[in-house]
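Hello,

Here is the structure I promised to pass on to you. My notes on what turned up in it follow below.

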Amino acid sequence: VFNGNLTVQNISVANITVNGKIITAGNAPQVVTGTAAGAEDILNNVAAPMVQITGNDTSGTITVVAGANTTADELAKVTFNVPFTNKPRVVFSPANRDSARVGAYYDESSTTNTSFSIMVDEPPVAGKTYTFTYFIVE
């Protein structure tokens, strides 16, 4: 029985039972908009696309505000703060109705130990906000 905080690096166990919450920690990964997010259109008063990430390499939320001239392609690319040893498994979910409507998914074929991409089957609507959550394990 141990009481208090315990920090251990590189531990291997057969099974883990969590009798509470799983709380992830770490620095946020980097995220950039893809071509599907569009571009700024000054003539029509449409701002440049924006992307934001909260969380860490294990779990988080990605928010994209689309610009003008969007396409069906890569919406955003996430680059991990610390690369995984192997290609991780990404559990990805649209977190609002508009995000689901564009047919969003993560591209397993281009996922590497350093990054993953969010793709869309339908062009996003300029000015709309698209939100996604992720959970990643190796």
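A word on patches first: they are built from residues with over 30% relative accessible area and no salt bridge, with like charges joined within 9 Å and nonpolar side chains (Val, Leu, Ile, Met, Phe, Trp, Tyr) joined within 5 Å. Accessible areas come from the Shrake-Rupley method with a 1.4 Å probe, and for residues only the protein chains shown count as cover. A salt bridge here is a side-chain nitrogen of Lys or Arg within 4 Å of a carboxyl oxygen of Asp or Glu.

Please keep in mind that this is a predicted model, in which local features need pLDDT of at least 70 and side-chain atom pairs count only at pLDDT 80 or more, while totals for chains, interfaces and linings use all residues. Residues are numbered from 1 along each chain as its sequence is written, and side-chain values use heavy atoms, with hydrogens and water left out.

**The surface patch**

Phe 2, Leu 6, Val 8, Ile 11, Val 13, Ile 16, Val 18 and Ile 22 make a nonpolar surface patch of about 870 Å². Of these, Ile 22 sits in the segment before strand S1 (30-33); strands (E, at least two residues) and helices (H or I, at least four) are DSSP runs, numbered from the N terminus. Ile 22 is exposed, at 65% relative accessible area (exposed is over 50%, buried under 20%, partly exposed in between, with a 1.4 Å probe and protein chains only).

Ile 136, in strand S8, is buried, with a relative accessible area of 2%. Beyond its neighbours within four places in sequence, Ile 136 has contacts (heavy atoms within 4.5 Å) that include Phe 80, Phe 84, Arg 89 and Phe 116. Ile 136 and Arg 89 are 47 residues apart in sequence, yet 5.7 Å apart in space, C-alpha to C-alpha.

**Aromatic pairs**

The whole structure holds five aromatic pairs. Rings of Phe, Tyr and Trp (its six-membered ring) pair if their centres lie within 6.5 Å, with planes under 30 degrees apart counted as stacked, over 60 as edge-to-face and the rest as tilted. Phe 80 and Phe 84 are edge-to-face, with ring centres 4.8 Å apart and planes at 80°, and both residues are buried. Tyr 106 and Phe 116 are edge-to-face too, at 6.5 Å and 85°. Tyr 106 is in strand S6 (residues 105-106) and Phe 116 in strand S7 (residues 115-119), so this pair ties together parts ten residues apart in sequence. Phe 80, Phe 84, Tyr 106, Phe 116 and Tyr 134 form one aromatic cluster.

**Salt bridges**

The count comes to three salt bridges. Lys 87 pairs with Glu 108, the closest N and O atoms being 2.7 Å apart; Lys 87 is in the loop between S4 and S5, and Glu 108 in the loop between S6 and S7. Asp 98 bridges to Arg 101 at 4.0 Å and to Lys 128 at 3.6 Å. Asp 98 lies in helix H1 and Lys 128 in the loop between S7 and S8, so their pair ties together parts 30 residues apart in sequence. Shared partners join Asp 98, Arg 101 and Lys 128 into one network.

Best wishes
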